[in-house]
Amino acid sequence: MVGQAALVLTAGARPDGAFAFRMFPEASTMEIHLWREVDGRWIPAREGEWSAHDGSGQLRHFSWRDRVRDPILASIDTRVFASYGADAQLARLGRALDDVADHLPEDGETVRLRAEVVVSRNGREPTATTLESHPRRRGP
Amino acid sequence: MWDAVRRWRDAVGDAYALGLVRIALGLLLFAAGLRAARDLEDVYFGDVFHWPIVPEALVPSRSVYALLVIAQVLLAVLVVAGHRTSARPALLASALLGTYLLLCDRLQFHNNRWALYCYAVLLAFAPCDRSFHLGPPPATRVGPLWAARLAQIQLALIYVASGGSKLLDPDWRDGRVLLERFRLYGSQAVEAGVPQRVLDWMTQADVTSALAKLAIATELLLAVGLGSRSARVFALWWGLWFHLVIEATSRVEGFTWLTLSIYVLFVTPDVHVRKLSFDSSRALGRCAARAVALLDWLARFEVKAWGPDAVRQGHVVVVVRRDGTPATGLRALAMVARCTPLLFPVWAPLALLASFTRGRDADVED
């Protein structure tokens, strides 16, 4: 019970407030637009899909949803409800960008990924937030 | 102070209702296992983006995870079966396994799942295997209640955490969060049959502000009211409707049924203390007795026929309350509703109506 109380009192230290029983904390929405950096330019990956050449020069197709199955994070270019609040979903999205960047071994072009997120918190005017993955670790 | 703590710790009571709660938790654990199995058919979470709280090295491989999901389902079956040697260890193992899997992927965290495992851990230390179980009956159903009372405190903590976080959030207090939820999901409500004018009324800022304050007050007062002997029945009734409204308007997985199951822990730990007598010479009396026996899941009533000369003025049913006072007619019906889960939603209006019929009790001799 003491541990439970500690988890409740420290909920603010966790972006998703996990283990703190914050029910229906927000009614925020978000719309994710995905971009990728190629040769110093940012190219949109519409609906989370793109094509890129692999190391041998063969053109391949990639999809954000191959790796990201969460129904909120997998929705690209679509306004969705941000369950557990916008901060929770932005924290997850930041992790997802890094994760996808680390799992594109056959993409020989993309340097890193970027998400431009339009967030409307509890019905307020939308604001834009940008998140970027770390640069990809590509083989020699 | 210490005496009060010791009394609380050493309290014992009939564990009849605990068996029902065990079965409810077992069914919810079973549903959770099946959901995990269905998800696994689609994709193993470890093969795609996930966010473990434990180190990645502790996340199970696909094959190990499949075995753990099977174990979840089998443990849930053992919990429901309630055998004396396996039910409580299975309950504890289910909770620990479920918690471990939650820690393996933060994306799968939901408050209702975490609450289920918290209750399961606590109930594992309560004598919940002495009723509704397979195998020979126990020597006694009476057992210690401290773990069940900790589960009651767990419920209060959830209400305080949820209501408190809303109270501290200006957007929640002002009704902005509710207003936006209604706006976002209003079209779905209209498609489901909610009249447009009802939605229009509910999407007024003044209305959502009032509803938000009501929701916050409800959660905070439930935390207190459930612990109060005098306010408990009304708190249970109000909380029941509060959760049914949430169930009807939101997606909360099994949280409604989980919480309503935990409400059973607030039942006074004894059985058949109230008496329901009926006139066996009349079809209505026999039907009423049969219906009460069928609905009396918490064993609140001792149901028995009386001789025709025991009651004046032709009553069909007489209920004798815990304090020995008799009730007939609407007051008896209200008492039955108070004690039977399926009729409990209509208890408060029945009790209100019955309060205007007080004089009729005096006609009965018991």
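Mentor: Let's go to helix α14 of chain B, residues 329-339, which lies across β3, β4, β5 and β6 of chain B. Its direction runs at about 105° to that of β6(B). Such angles go from 0 to 180 degrees between N-to-C directions, and the axes are lines fitted to C-alpha atoms, for helices over the stretch in contact. Helices here are DSSP runs of H or I with at least four residues, strands are runs of E with at least two, and both are numbered from the N terminus.

Before we go on: this is a predicted model, where local features need pLDDT of at least 70 and side-chain atom pairs count only at pLDDT 80 or more, while totals for chains, interfaces and linings use all residues. Residues are numbered from 1 along each chain as its sequence is written, and chains are lettered from A and ligands numbered from 1 in the order in which they are written.

Now the sheet itself. It's an open one of 4 strands in chain B, in the order β4-β3-β5-β6, and the pairing is mixed. Two strands count as paired if DSSP finds at least two bridges between them. At the edges stand β4 (301-306) and β6 (326-328) of chain B; each has a single partner strand, so one side of each is left without a neighbour in the sheet. On average, neighbouring strands are turned by 25° against each other, if you ignore direction.

Zoom in on β3(B), residues 274-279. This strand pairs with β4(B) in the parallel sense, over 6 bridges. For one of the residues involved, look at Lys275(B): its bridge partner in β4(B) is Glu302(B). Another helix packs on this sheet too: α13 of chain B, residues 283-295, touches β3, β4 and β5 (317-320) of chain B. The direction of α13(B) makes about 150° with that of β3(B).

Chain B also meets chain A, and that contact takes 24 residues from chain B and 27 residues from chain A (contact means C-beta atoms, placed from the backbone, within 7 Å). On the chain A side, α1 (2-9) and α2 (86-101) are the elements that give two or more residues. Of these, α2(A) gives the most, with 5 residues.

As for chain A as a whole, you'll find 2 helices and 7 strands in it. Follow the sequence and they come in the pattern α-β-β-β-β-β-α-β-β.

Definitions and conventions
Two residues are in contact if their C-beta atoms, placed from the backbone, lie within 7 Å.
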